[in-house]
Amino acid sequence: RKDYRDAMKVIRDCREKFFFFLRHRARVICQRIYSDNLDEQLKDECQSTRSTSRALIIIDWKMKFEPMSTRETMPENFGKRGLGWHGAAILYYEWDKEENKPIKKV
């Protein structure tokens with residue numbers, strides 16, 4: 001009976017983690033589609049105006065910077081230790097007169 005309960009707990013935990021993963025993948029796909037559409041709009045705008053008028057700024061929260069110890073627990077990993085940092089990028093298109101086309105800049 002205990003083995004059955006243990007197995008059912010493992011199955012429930014795996015199912016929960018699987019659904020977390022599916023939700024994460026859905027967010028990533030939606031974000032990628034939206035980002036690609038914005039990128040295409042910037043390129044088209046640069047193509048039509050032959051100038052740069054808008055840019056896309058991406059700011060991303062990174063994981064805390066600290067050396068990982070072996071078998072680090074989740075509270076240790078997500079606790080308030082370490083140095084949190086962000087990454088940022090600015091994407092825009094610039095008209096290249098020699099090649100007569102928009103060039104992506106990062």
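**Close-up views of the predicted model**

**View 1. Arg50, at the end of helix H1.** Arg50 counts as partly exposed, its relative accessibility being 43%. The view, like those below, is taken from a predicted model. Arg50 follows helix H1 and lies in the loop between H1 and E1. The phi angle of Arg50 is near 60°, a positive value in a residue that is not glycine. Most residues other than glycine have a negative phi.

**View 2. The protein as a whole, for orientation.** The protein is built from two helices and three strands. Read from the N terminus, these elements follow the order α-β-α-β-β. The protein has 106 residues, of which 10% count as buried. Among the contacts in the protein with a separation of 6 or more, 47% join residues 24 or more positions apart.

View 3. Helix H1 comprises residues 2-49. With its 48 residues, H1 spans 70 Å from its first C-alpha to its last, close to the 70 Å expected at 1.5 Å a residue. Asp39, Leu42 and Cys46 are buried residues of H1. The cover over the buried residues of this helix includes strand E1 (56-61), strand E2 (86-96) and E3.

**View 4. Asp39, a buried acidic residue of helix H1.** Asp39 belongs to helix H1. Asp39 counts as buried because its relative accessibility is 17%, and buried means under 20%. The side chain of Asp39 is in polar contact with that of Tyr93, at 2.9 Å. When residues up to four places away in sequence are not counted, Asp39 touches Tyr93 and Lys104.

**View 5. A nonpolar patch on the surface.** The patch consists of Phe18, Phe19, Phe21 and Leu22, which together have about 370 Å² of accessible area. One of these residues, Phe18, is part of helix H1. The relative accessibility of Phe18 is 44%, so this residue counts as partly exposed.

View 6. Lys2 is joined to Asp6, with 3.1 Å between the closest N and O atoms. Lys2 and Asp6 are four residues apart in helix H1, and therefore about one helical turn separates them. Lys2 is exposed, with a relative accessible area of 52%, whereas Asp6 is partly exposed at 36%. The second salt bridge connects the side chains of Arg32 and Asp36, at 3.2 Å from N to O. Arg32 and Asp36 are likewise four residues apart in H1, which means that about one helical turn lies between them. Asp36 counts as partly exposed, at 39% relative accessibility.

**View 7. A salt bridge between Arg54 and Glu45.** The closest N and O atoms of Arg54 and Glu45 are 3.0 Å apart in this salt bridge. Arg54 has a relative accessible area of 41% and is partly exposed. Glu45 also counts as partly exposed, with a relative accessibility of 22%.

**View 8. Asn100, in the loop between E2 and E3.** Asn100 is located in the loop that lies between E2 and E3. Although Asn100 is not a glycine, its phi is positive, at about 55°. Asn100 is partly exposed, with a relative accessibility of 48%.

**View 9. Lys105 and its contacts.** Lys105 is a residue of strand E3, which covers residues 101-105. Lys105 is partly exposed, with 29% relative accessible area. Lys105 and Tyr92 are 13 residues apart along the chain, while their C-alpha atoms are separated by 5.4 Å. Apart from its neighbours within four places in sequence, Lys105 is in contact with Ile90, Leu91, Tyr92 and Glu94.

How values were computed
Residues are numbered from 1 along each chain as its sequence is written. This is a predicted model: local features need pLDDT of at least 70, side-chain atom pairs count only at pLDDT 80 or more; totals for chains, interfaces and linings use all residues. Side-chain values use heavy atoms; hydrogens and water are left out. Buried means under 20% relative accessible area, exposed over 50%, partly exposed in between (1.4 Å probe, protein chains only). Contact means heavy atoms within 4.5 Å. Patches are made of residues with over 30% relative accessible area and no salt bridge: like charges are joined within 9 Å, nonpolar side chains (Val, Leu, Ile, Met, Phe, Trp, Tyr) within 5 Å. Accessible areas come from the Shrake-Rupley method with a 1.4 Å probe; for residues, only the protein chains shown count as cover. A salt bridge is a side-chain nitrogen of Lys or Arg within 4 Å of a carboxyl oxygen of Asp or Glu. The expected span of a helix is 1.5 Å times one less than its number of residues. A polar contact is a pair of N or O atoms within 3.5 Å; within protein, one must be able to donate a hydrogen and the other to accept it, and residues adjacent in sequence count only if both atoms are side-chain atoms.
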